[in-house]
Amino acid sequence: MYDVIVVGGRISGASTALLLARRGHRVLLVDRARFPSPTSSSTNLIHPPGVQRLTQWGVLDRLGGHAIPRISRYRLESGPVRLEAQLPAVEDVDYALSPPRVELDEALVRCAADAGAEVREETSVQELLRDADGTVVGVVGTAKGSGRFQEKATVVIGADGKNSKVARLTGADLYRAEPVLSKSLWTYWEGLPQTSLVRTYRKNRRHPFTWPTHDGLSIVGVAWPTADFPSPGSDEATDRTVIAALADVDPELAEEVRAGRRAGRWLTGSVPNFLRTPHGPGWALVGDASATRDPITASGITHAVLGAELLADAVHRGLSGGRGMDLELASYARARDALVGDHYDYTRDYARILDHTPEERALIEAMSRSPWHARGMIGLFATVVPPTEFYSRRTFRELFDFLDEGGLPPKIRMLRWLLHAVPGRPEATARLADRLLAARLGLMGELLLRSTAV
């Protein structure tokens with residue numbers, strides 16, 4: 001009898017197993033793969049909150065054989081407007097990393113085993129065991145070399161990805177779901193300068209991106225709205241497609257890419273968007289099994305790590321007495337929603353890859369003049385700053401103080417006038433300006449209107 005069975009040994013599953021085993025619980029971690037093992041395409045970027053946890057847990061120490069540069073700044077360019085800022089710190093970590101994914105997965109699994117978790121590789125789960133009232137009490141599966149098995153546990157955790165078998169077997173509901181919004185092409189590239197910078201661009205409904213990853217390589221890619229994704233071709237044809245997109249936004253970078261060399265095949269990234277009910281009697285979901293969003297904000301690994309921490313805390317409390325497992329898993333569900341819910345909307349909005357309007361560019365340019373706003377916007381992308389903190393009335397009202405006086409779009413001039421220039425009814429006109437501005441901010445405009453920070 002185990003305390004916990006974790007199905008899926010990638011980022012979220014191995015992290016959950018590691019944290020629970022370190023607290024003395026009896027944990028079984030199963031995965032169909034044998035590690036080290038490649039996974040579906042992942043651009044590997046880990047934002048500061050994920051780096052801070054993986055450093056604290058000792059996982060990154062196992063990657064010492066690789067040169068993994070620290071990335072301290074993120075940049076967004078939209079036409080002639082550039083926003084760049086230093087990453088906000090999480091405790092003492094103010095940088096991102098992009099380690100090799102295969103080695104990161106293996107490091108987490110081995111850390112979990114060292115902590116005391118029993119790891120069974122090449123093992124798959126086919127069924128869930130339930131007691132008379134329907135509570136999940138274990139799993140039935142098969143293991144390579146030993147055949148069919150059955151194990152029981154107080155809690156079964158599905159960490160088996162967006163197509164989670166555990167989620168299907170429990171009937172976990174999807175909600176706030178949308179289909180694939182963008183598709184990307186990316187690869188590793190040799191010969192680019194290893195600047196400590198994530199560069200992203202927005203122009204002509206394309207989203208080029210690049211950053212240094214590991215061992216002298218860089219990630220280079222472009223995302224398109226799903227309907228605009230180019231037809232597949234040879235790797236050489238894709239080279240030309242991607243370099244042309246880079247040349248449109250950053251000719252100097254495109255020349256650097258031409259002077260370098262592709263170091264692998266082109267990979268395609270695209271996922272649907274959904275949240276799932278993350279718990280029920282005797283079971284819980286974590287990572288992509290719990291919530292999947294477009295990879296365009298590169299938040300998957302970071303949220304997998306943070307979600308594992310939330311679930312491990314809740315399961316530990318449930319196993320240690322207190323309020324009981326059902327209540328603790330319900331508290332995990334609320335914490336999961338607080339972690340990913342608003343950022344999920346932000347990501348869906350971002351993934352539409354709409355060209356910024358002149359009004360939006362004016363606001364981005366104003367952010368570039370305000371150190372607080374620039375760092376807040378970068379921190380939002382990097383999962384450091386909560387969307388509710390940045391998309392507040394106070395934040396955007398203060399942003400208007402940093403607008404460029406020359407060449408403002410008429411709508412921005414009107415909003416500034418409503419905020420500052422109407423005598424006698426300043427708060428009433430400011431609220432009107434809030435509503436008009438929110439209408440230009442897509443899903444995130446709802447956050448601004450809910451904000452009480454006036």
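Glutamate 178 has asparagine 273 in strand E16 as its bridge partner. The model is predicted, so local features need pLDDT of at least 70 and side-chain atom pairs count only at pLDDT 80 or more, while totals for chains, interfaces and linings use all residues. Residues are numbered from 1 along each chain as its sequence is written, and side-chain values use heavy atoms, with hydrogens and water left out.

E9 and E16 (residues 273-276) pair in the antiparallel sense over three bridges; two strands count as paired if DSSP finds at least two bridges between them. Strands (E, at least two residues) and helices (H or I, at least four) are DSSP runs numbered from the N terminus. The order E9-E16-E19 makes an open sheet of three strands with antiparallel pairing. Strands E9 (174-178) and E19 (291-292) are at the edges with a single partner strand each, so one side of each has no neighbour in the sheet. Helix H8 (residues 325-351) lies across E9, E16 and E19 and runs at about 20° to E9. For such angles, axes are lines fitted to C-alpha atoms, for helices over the stretch in contact, and the angle runs from 0 to 180 degrees between N-to-C directions.

Strand E11 (residues 197-202) is joined to E12 by two bridges, and the two run antiparallel. Threonine 200 has phenylalanine 209 in E12 as its bridge partner. E11 and E12 form a hairpin with four residues between them, and asparagine 204 in the turn has a positive phi of about 50°.

E12 is also joined to strand E13 (residues 217-225), here by six antiparallel bridges. Tryptophan 211 has isoleucine 219 in E13 as its bridge partner. The hairpin of E12 and E13 has four residues between the strands, and aspartate 215 takes a positive phi near 55°. Strand E10 (residues 182-190) pairs with E13 in the antiparallel sense over nine bridges, with leucine 185 opposite valine 222 in E13.

Buried means under 20% relative accessible area, exposed over 50%, and partly exposed in between (1.4 Å probe, protein chains only). On one side of E12 are His207, Phe209 and Trp211, and on the other Pro208, Thr210 and Pro212, all buried.

Nine of the nine residues of E13 are buried, so E13 is likewise largely enclosed by the rest of the structure. Both faces of E13 are covered, with buried residues including Leu217 and Ile219 on one side and Val220 and Trp224 on the other.

## Leucine 97

Leucine 97 is in the loop between strand E4 (81-86) and helix H3 (101-115). Leucine 97 is buried, with a relative accessible area of 9%. Beyond its neighbours within four places in sequence, leucine 97 is in contact (heavy atoms within 4.5 Å) with Asn44, Leu45, Ile46, Val51, Leu60, Ile68, Pro69 and Arg70.

## A nonpolar surface patch

Met414, Leu432 and Leu436 make a nonpolar surface patch of about 220 Å². Patch residues have over 30% relative accessible area and no salt bridge; like charges are joined within 9 Å, and nonpolar side chains (Val, Leu, Ile, Met, Phe, Trp, Tyr) within 5 Å. A salt bridge is a side-chain nitrogen of Lys or Arg within 4 Å of a carboxyl oxygen of Asp or Glu. Accessible areas come from the Shrake-Rupley method with a 1.4 Å probe, and for residues only the protein chains shown count as cover. Leucine 432 lies in helix H14 (residues 426-438) and is partly exposed, with a relative accessible area of 32%.
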